[in-house]
Amino acid sequence: MAKHILITGGAGFIGSHVVRHFVNQHPDYQITNLDKLTYAGNLENLIDVENHPNYQFIKGDINDDRFILKLFEEHQFDGVIHLAAESHVDRSIASPNEFVLTNVLGTVNLLNAARHIWHENYTGKLFYHVSTDEVYGSLGDEGYFTEETCYDPHSPYSASKASSDHFVRAYHDTFGLPMVISNCSNNYGSFQFPEKLIPLFINNIRNNKSLPVYGKGENVRDWLWVVDHARAIDVIYHKGKIGETYNVGGNNEWKNIDLVKVMCKVMDRKLGRRQGESEKLITFVKDRAGHDQRYAIDSTKLQEELGWKPSVDFEQGLDKTVDWYLQNQEWLDNVTSGEYQKYYRQQYEDR
Ligand code: NAD
Ligand code: TYD
């Protein structure tokens with residue numbers, strides 16, 4: 001059945017892949033992308049779909065409750081896929097309030113609007129909240145996050161995402177709002193703002209700049225190709241059970257330092273540099289405050305109940321990703337100017 005879906009944060013990294021996926025895979029759906037275009041939102045990410053008849057972009061702020069309510073009154077949305085957020089842990093340490101505003105209050109504004117417009121008939125409606133594995137806290141050497149793992153966030157970012165997850169569940173339990181939540185591991189791929197590890201280091205290697213590895217580089221992350229996250233969101237949107245949570249992960253754990261060394265090798269090969277040259281750029285810097293040691297997702301529920309699995313292995317995914325950044329140097333140069341440079345100096349000057 002044709003649907004009108006509101007995707008929030010669709011000009012960001014994951015959001016742009018979700019918009020592209022839904023516009024292309026569901027030509028009978030109407031896709032509305034709502035984004036404030038913060039430093040992380042970039043309409044250049046969506047040039048290939050911007051003229052599709054089933055796509056429209058609306059610039060707006062989820063923190064503006066009256067605007068959000070009016071938007072829901074004017075459009076007959078059947079569903080919301082909510083990705084808009086402040087998403088970078090280091091920024092949340094420097095400036096937590098923006099995370100509370102957008103990630104918590106912004107989410108509640110959307111929940112209020114959806115409830116207000118839909119409450120007389122919830123049939124066919126869905127509020128899909130996109131969240132992170134970071135709400136579960138930090139693992140030791142053993143074990144995995146499952147959907148039953150207790151929340152234990154450590155950074156202002158993960159605390160704000162945990163809070164938003166609780167509100168989404170509370171609106172289901174209290175008001176009957178139909179919802180699903182997914183908690184995903186670290187994503188990588190094209191169009192990621194180069195403040196996050198992989199695009200930052202690709203860009204720095206390209207420019208022969210140092211590679212600031214926090215602490216000893218011993219922290220572990222579970223990396224998933226962003227296109228596979230977009231595919232998972234589609235599967236969960238259509239087949240997920242109302243009220244349920246699904247963990248999404250790549251079953252692909254890397255210690256930061258090992259990942260950085262692999263990136264250096266791939267980049268040396270692609271840039272025609274001598275093997276070992278880029279590794280010389282690695283610099284160990286002061287650790288991130290409250291740095292979670294290890295994230296690892298158990299995505300058995302999603303795989304067994306809904307039939308999703310990643311489509312690429314990490315070697316292929318990383319190769320495609322490095323190629324994309326090297327072939328889209330203009331995109332990288334555009335986003336690494338202005339505001340980002342100021343932030344970059346603040347973040348790294350004193351380390
Ligand atoms: P991103 O920072 O690249 O994009 C966020 C987008 O939200 C931007 O386009 C920004 O302009 C928009 N936005 C921010 N504040 C807004 C506001 N007040 N109103 C409207 N739009 C606003 O983030 P991302 O990495 O694409 O993450 C998207 C979502 O997925 C987030 O909710 C994040 O918590 C979650 N997530 C991310 C990862 C990851 O590895 N990046 C992993 C799991 C979950
Ligand atoms: P990041 O991409 O910020 O994602 P998250 O903190 O949400 O997992 O960081 C991934 C890992 O890389 C994390 O352990 C912190 C580390 N890191 C560095 O060592 N140096 C950096 O410059 C950045 C941005 C991250």
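Trainee: What distance separates an oxygen atom of ligand 2 from an N or O atom in the side chain of Arg288, and how do I read it?

Mentor: Think "polar contact": a pair of N or O atoms within 3.5 Å (inside protein, one must be able to donate a hydrogen and the other to accept it, and residues adjacent in sequence count only if both atoms are side-chain atoms). Here the Arg288 pair sits at 2.5 Å. An oxygen atom of ligand 2 is also 2.8 Å from a polar backbone atom of Tyr214, and a polar side-chain atom of Asn186 is 2.9 Å from an oxygen atom of the ligand.

Trainee: Before we go on, what am I looking at?

Mentor: It's a predicted model, where local features need pLDDT of at least 70 and side-chain atom pairs count only at pLDDT 80 or more, while totals for chains, interfaces and linings use all residues. Residues count from 1 along each chain as its sequence is written, chains are lettered from A and ligands numbered from 1 as written, and side-chain values use heavy atoms, without hydrogens and water.

Trainee: Which residues are closest to ligand 1?

Mentor: A residue is near if one of its heavy atoms lies within 4 Å. For ligand 1, 30 residues qualify, and the closest are Ile14, Asp35, Ser87, Tyr157 and Lys161. A nitrogen atom of this ligand is 2.9 Å from an N or O atom in the side chain of Asp61, and an oxygen atom is 3.0 Å from a polar backbone atom of Thr38. Alone, ligand 1 exposes 840 Å², of which the protein buries 97%.

Trainee: Which strand gives the largest share of that shell?

Mentor: Strands are DSSP E runs of at least two residues, and helices are H or I runs of at least four, numbered from the N terminus. The largest share, three residues, comes from β5.

Trainee: And how do I read a sheet?

Mentor: Strands of a sheet pair through backbone hydrogen bonds, either parallel or antiparallel. Two strands pair if DSSP finds at least two bridges between them. One open sheet here runs β7-β9-β11 with mixed pairing, and β7 and β11 are its edges, each pairing on one side only.

Trainee: In which sense do β9 and β11 pair?

Mentor: Antiparallel, over three bridges. Look for Asp222, which stands opposite Glu253 in β11.

Methods: Accessible areas come from the Shrake-Rupley method with a 1.4 Å probe; for residues, only the protein chains shown count as cover.
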